[in-house]
Amino acid sequence: MKRLHSHPKKFESKRLCKYSFFLNLLPAALMLGFALFVSADVNGYHVEFDIQQTPIRTYLIAGQSNADGYGLGSGVLDHGILAPAYNLYDIGRESLAQEHNQVSIFKGDYDDGGGSWNQLASGFGIPGNGSRFGPELSFGYAVQEFFGERVALIKYARGATSLAEDWDPEDNGINQYDYFLVTVNNAVSLAHAAGDQLEIAGIIWMQGEDDSTVEEFAENYKQNLEYFIGSVRQDLGLPELEFYIGSIADSTVWTYRETLWDAQEQVAANDPGVLLVDGRDLPVLYNDGADASYIHYSTPGQVELGY
């Protein structure tokens, strides 16, 4: 069982040893002030131009199945029943179904972290049953419209995973936290190779449902979340990285949800770099296509979550 972290900002030597491999992988593209040098001969003189590249505002998306996403972009499911059976066109949000040429997304493969850069569109939610999406879709559109510049998203999410075990930064084995770090490294490396510099500005963390089903996990969630936030900031070398945490839905499936809500609220109240996004009353699916009920946000729910 996961032990409690009474000092969430203290990182033990064995954890640093575990992550030395991943920390060495993270390229210099994460750092600000990356410069390009171009040399040329002008009127017989050799001149070097220091071109400061404008970084691309980048956001991370991580968590479990509601971070992955069960929203439906268009059409119908390949199999199973979706209820309510709304896609983006049905709710008047068909503009979100179009590929966005100013927003790029890298989604890490499950239990691996591999992937490729693509233009943002529906289809980066759960795979294999329709054009599904998560909070990245409306969030990407909204952020790009607000800043009026290119935006990049890096996403790694895995359903049915707990913070207490599957995302534990101190776990001696390889877990979802490791795959998340590998995803970030792969995304940054590919962007860097293509000549793009990424500036990571924040992370959407939509998780906690699994922890709300085990009393001990729920009771420990505040300390575990604080430690997780500190770990991400340290391992990415971004001590002021902002977190946007989605509170879990008000569903009786999540037995200890009130304990989770209290934990999430306390973390947000104690850390000025944490913003709590209220997901309690967002609409959920009565059937998500895999016969799961009142677990996953519906198409309107995912759109609202991202905004």
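I began with D111, which is found in the loop between β6 and β7 (117–120). Helices (H or I, at least four residues) and strands (E, at least two) are DSSP runs, numbered from the N terminus. The phi angle of D111 is near 50°, a positive value in a residue other than glycine. I then looked up its cover: D111 is partly exposed, with a relative accessible area of 35%. On this scale, buried means under 20% relative accessible area and exposed over 50%, with partly exposed in between (1.4 Å probe, protein chains only).

I noted the basis of these entries. The model is predicted, so local features need pLDDT of at least 70 and side-chain atom pairs count only at pLDDT 80 or more, while totals for chains, interfaces and linings use all residues. Residues are numbered from 1 along each chain as its sequence is written, and side-chain values use heavy atoms, with hydrogens and water left out.

**Overall make-up**

I recorded eight helices and 13 strands in the protein. Of its 307 residues, 52% count as buried. I next looked up contacts, meaning heavy atoms within 4.5 Å. Among contacts between residues at least 6 apart in sequence, 70% join residues at least 24 apart. The protein exposes about 13,600 Å², of which carbon and sulfur atoms supply 51%. Accessible areas come from the Shrake-Rupley method with a 1.4 Å probe; for residues, only the protein chains shown count as cover.

**Backbone**

I found a cis peptide bond joining A83 and P84, with omega about -5°. P84 lies in the loop between β5 (82–83) and β6 (100–107).

I also looked up Y294, whose phi is near 60°, a positive value in a residue other than glycine. Y294 lies in the loop between β13 (287–288) and α8 (299–306). At 42% relative accessibility, Y294 counts as partly exposed. Together with V253 and Y286, Y294 forms a nonpolar patch on the surface, with about 290 Å² of accessible area together. Like charges are joined within 9 Å, and nonpolar side chains (Val, Leu, Ile, Met, Phe, Trp, Tyr) within 5 Å.

**D68**

I turned to D68, which lies in helix α2 (residues 65–68). At 1% relative accessibility, D68 counts as buried. What does the side chain of D68 make a polar contact with? I found the side chain of K107, at 2.8 Å, and also the side chain of Y110, at 2.3 Å. A polar contact is a pair of N or O atoms within 3.5 Å; within protein, one must be able to donate a hydrogen and the other to accept it, and residues adjacent in sequence count only if both atoms are side-chain atoms.

Not counting residues up to four places away in sequence, D68 touches several others, including F124, G125, I126, F133 and K155. The C-alpha atoms of D68 and G125 are separated by 4.9 Å, although the two residues are 57 apart along the chain.

**Helix α8**

I checked the cover of α8, and seven of its eight residues are buried. These are T299, P300, G301, Q302, V303, L305 and G306. They pack against α2, β4 (71–72), β8 (132–133), α3 (136–147), β10 (198–206) and β12 (274–277).

**Nonpolar cores**

A nonpolar core is a set of buried Ala, Val, Leu, Ile, Met, Phe, Trp, Tyr and Cys residues joined through side-chain atoms within 4.5 Å. I asked which residues touch the most other members of the largest core. Among its 48 residues, these are F180, W205, L225, F228 and F243. The elements that give two or more residues to this core are β3 (56–63), β9 (151–157), α4 (176–193), β10, α6 (221–235), β11 (242–246) and α7 (257–270). The most comes from α4, with eight residues.

Leaving aside neighbours within four places in sequence, I found L225 in contact with L163, W205, I245 and V267. A second, separate core of 18 residues includes I61, L120, I204 and V303.

Conventions: Patch = residues over 30% accessible without salt bridge, like charges linked within 9 Å, V, L, I, M, F, W, Y side chains within 5 Å. Salt bridge = Lys/Arg side-chain N within 4 Å of Asp/Glu carboxyl O.
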